[in-house]
Every structure is written in C-alpha cells, then in structure tokens.
Amino acid sequence: MSIPYLEDAALPHSYYEASVEPRFAYPSLTDAVSCDVCVVGGGLAGLHSALNLAERGYQVVLLEARRIGWGASGRNGGHVIPEYACGMSTLEAALGMDDARRCWTLAREGGNNLRARISRYHIACDYQAGHLEAAVSPRHVQPLRQWQAHAARHYDYHTRYISREEMPQFVGTKRYHGGLLDMDGGHLHPLKFTLGMARALVEAGGAIYEGSAVRSWQAHDSTDVRIDTAQGQVKARHLVLASNVGIQSMAGALPKRLAARILPVGTWIIATAPLSEELAHSVLPTGAAVADNRTVLDYFRLSADRRMIFGGGCSYLGESTPAGYAAALHRGMLKVFPQLESVPVDYTWGGVIDISMSRAPDFGRLPDNVFYLQGFSGSGLVATAVAGRVVAEAIAGARENLDLFARLAHRPFPGGTLLRGPLTAAGMAWHRLRDLL
Ligand SMILES: Cc1cc2nc3c(=O)[nH]c(=O)nc-3n(C[C@H](O)[C@H](O)[C@H](O)COP(=O)(O)OP(=O)(O)OC[C@H]3O[C@@H](n4cnc5c(N)ncnc54)[C@H](O)[C@@H]3O)c2cc1C
C-alpha cells in the first residue's frame, strides 16, 4: 500500500473524510486570469495566506492540484500547539533571545488567530481547549520541568505541571510520569477547519481552483509572475508557494533548491469506533489532547463522537507505507490504553509531512515577489497561521516578521533525493534508541 501522493488524486479513507458534509467542488482553471496574488496549495499554509490577503483587499487566486485539504491539512492529528516543531532552543540559538521572543509571540498570536477565524467565519470544527505534553519515563520529566521554568522566565509563559499522581485526572493510563498542561493549546477536526477556511476565503472575495496543479512559474519582473497549470495560466503581481512537499512537482531551479531543504516523511493515524461515554471518560476525562515528549511520539485525542484518534510513527524511506503500520499503531494505542482492547479500529490513514533539517520553519522569498512557506516539520496547525500572517504582511510592505524567519539558515538534506531518507532514518533510529534507554 502507498500513500497516494504525486500521482493519485483519491481522497484518503480517513475518519475526517467520512465525517464532513458533502464537499463543495471548486472549478478547475481552464483559461488565463490575472490577480494580485496567486497562492499555490490548498492546505492551511495556502489558505491562511490567501485569506489574510483577501481580508486586506487583495485579489487572490488559489490553485490546488487536487482537492482542498487533500494534503497534510486535511489528514493531521488535529492537535493545536502554539509552538514550533523545532522548539524554542533552536530559535534562540539561531536568532538570539530577543528575536526568539518575537517568534514565540507570533506563535501564541497564531493560536489566537486560529480561534478568531473559527469564530468570525463560524467554522464548525469541534474545537476543544487543552493540550497535555506527557513524559513516558522519569527521565522525560526533566525536559518538561526545564521548559516550564524557561518559558516562565524568558517568555512570561506559565504552564501547569501535572504530577504523576494527578495524571489520571487527565489521562486514564499508568504510562505517564508527569505532564505540562497548556490551555492555549487544544484540538479540532482538521478537515472541517480546512474546508471552513476555504469557504471563508471565497466569502472574503478570493477565487479557488481545484484540480489545477501548477507545473511551472516564471518571474518576469518584480510585479509580474506567470504561473502555468495544464490548462490555464495566472498572471499575478506576487506568488506564494505553499505546496508542502509538492514543491518537488514544479519545474525549475528554484523549486528544486527549495525541495532539497525538506524531506517528505510519512506518518499515520488510526481512529477507533465510537467509545461509550463511560469508556471515553475513563481514557481522557477532561477531553484535553495528549502527546508525549519523545522524538517519535504518540499523540491522541477524542473526536466529537468519542473515537480515539491515535497517531504515531513515521517513515523516512519515501512516501510508501510500511507493511503492518496499522497493527503497530494499534499495539501502540493498547500500550497506553489496555482498556481499549475490544474496541475495533474503523479507519487508518496517513499523510506526508515536510521536515526541514533543523525542524525550524523555512519561510522567505526568492525574487522579490515570490514567497515560500515550508518546513512545518509535523507541527503546522498553528505555524501555518503564523506563515499566512507574515507573508501577507510582507506583500503589504511590512517585511520584518518574514525577514525574521528568513534569517534561519536552511541546509539541503545530505545524500540527495536517493540517500537523504535513509540517512535521516539512521539518525532518527539513534534518537529512538535514546528515548528507550
Ligand atoms: C498524519 C499527520 C498528522 C499530523 N498531526 C499534526 C497535529 O496534530 N498538529 C499539527 O500542528 N500538525 C500536524 N501535522 C502537520 C500539519 O498537518 C502540516 O504541517 C500542515 O497541514 C501543513 O500545511 P500545508 O498547507 O503546508 O501543506 P498541505 O496541507 O499538505 O497542503 C499543500 C497542498 O498543496 C497542494 N499542491 C502540491 N503541489 C502542488 C502543485 N504543483 N500545484 C498546486 N497545488 C499543489 C497539495 O495537493 C496540498 O493540498 C500532521 C501531519 C500529518 C501528515
């Protein structure tokens, strides 16, 4: 079995696809159109960018190769974590404390922005507050404690430490030795949110074309970019590339350079049948989502209809799905919650994330009017809101926030397209081993 990526337009057999209203089908681009900004990619990075710009009065055209939410945005775990995948220490080392603090504020504001969008555009996406980061061993408690003290001291950010004794009030398992509760975090139904963002974009005046894969683009001068799809063309003043690992499908030296800086990594989720009210309460009594703090982590939450949505594991070896991944995830879930032994698994699906070498976001611009947003590294629900904000500000002439991220140096993965996956897999195996010790 493989994750349909570049060739297959089929929607995944996910719980999310099965639990949304029939989708609105947007047309394909079949002629030549002009606009202020063309956005490539109908995931959350593209939608946040396009919506911010449309709200500011720009004429926006969004091109999506397949369907809105087809990529990671419509498949993910739904955990809303107002931080970056790389952690603040990477940003502090690269940018210094003052500028790391600016990034931190942008992430917290990104979380607020996401909630504001839900309420402003009436996006029914089952948002629930509360996110708990849990330690699987006494050794994993220490980084949580250190981060709690660091966040309070340097970011004036105060999380609540949950002791081992208190953990059963949040998660019904003996597995965890402590945790940090962030009530600014939470969880939602990611496909409902993504489709709601597309509706909001159209309400704000933007145009969406599905089934319109961008093959190539050319910047003629600083106010003229031509973007080609199989059957149409867009002439725009600015271009925003928000295609995640799909950047590799576009022709040209610049897309190639960007593609070399991110690695496509497959990762998976299972959804059980709905749990009884009593069982649901026994596993996650407060309804907060939980993720552990290992390098390759388990993350889980309850859906609005009380299914356990349990994710984990990843493959650095291309976009194919390893045999037995669903059984491995099921075993992982039972390790945390043996009480779910007799609950059937109704759905299994996967998606592809775009990791950067440092796991830090990779945002910037190429020529003056071509912008790129990538490297969300598996934690993009909030970071895409940050990306959409900073790119819209930059197009409107305020480049400080985008330039802040553009200062982060991003190297290509060593080994080229053939060896970068296996080399990263070897590195990650070491991290996994360290987590076990
Ligand atoms: C299984 C899984 C679980 C995850 N869990 C979480 C989580 O719990 N919390 C969290 O914060 N993050 C999570 N993530 C990460 C998060 O989903 C992503 O970081 C985020 O959705 C990235 O958004 P995006 O818009 O950059 O990419 P995508 O959502 O992948 O969107 C890119 C879009 O571009 C389109 N495209 C590609 N090439 C072209 C082209 N040539 N022309 C036109 N369109 C093109 C694609 O079809 C796609 O729809 C998870 C990801 C996965 C896969």
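**Reading the ligand shell and the salt bridges**

User: Which residues come nearest to the ligand in this predicted model?

Analyst: Of the 40 residues around the ligand, the nearest are E64, S73, H79, V214 and L381. The shell divides into 17 nonpolar, 20 polar and 3 charged residues.

User: Which polar backbone atoms lie 2.9 Å and 3.3 Å from a nitrogen atom of the ligand?

Analyst: The 2.9 Å distance is to a polar backbone atom of G77, and the 3.3 Å distance is to one of G378. On the side-chain side, an N or O atom of R66 is 3.0 Å from an oxygen atom of the ligand. The protein covers 98% of the 1000 Å² of accessible area that the ligand has on its own.

User: Which element gives the largest share of the shell around the ligand?

Analyst: That is β15, with 3 residues. The elements giving two or more residues are α2 (44–55), β11 (262–272) and β15 (345–356).

User: How many salt bridges does the structure hold?

Analyst: Side chains of opposite charge can pair when their charged atoms come close. The structure holds 24 salt bridges. One of them joins the side chains of E55 and R120, at 3.4 Å from N to O. E55 lies in helix α2 and R120 in helix α4 (residues 97–120), so the pair ties together parts 65 residues apart in sequence.

User: Are E55 and R120 buried, partly exposed or exposed?

Analyst: E55 is partly exposed at 30% relative accessible area, while R120 counts as exposed at 56%.

User: What about D292 and R294, buried or exposed?

Analyst: Both D292 and R294 are buried. The closest N and O atoms of their salt bridge are 2.9 Å apart.

Technical notes. Residues numbered from 1 in each chain as written. Predicted model: local features only at pLDDT ≥ 70, side-chain atom pairs only at ≥ 80, totals over all residues. Heavy atoms only, no water. Near = heavy atom within 4 Å. Polar contact = N/O pair within 3.5 Å; in protein donor to acceptor, adjacent residues only side chain to side chain. Areas by Shrake-Rupley, 256 points an atom, 1.4 Å probe, with all protein chains shown as cover. Helix = DSSP H or I, 4+ residues; strand = E, 2+ residues; numbered from the N terminus. Nonpolar A, V, L, I, M, F, W, Y, C, P; charged D, E, K, R; others polar. Salt bridge = Lys/Arg side-chain N within 4 Å of Asp/Glu carboxyl O. Buried < 20%, exposed > 50% of the residue type's maximum accessible area, 1.4 Å probe, protein only.
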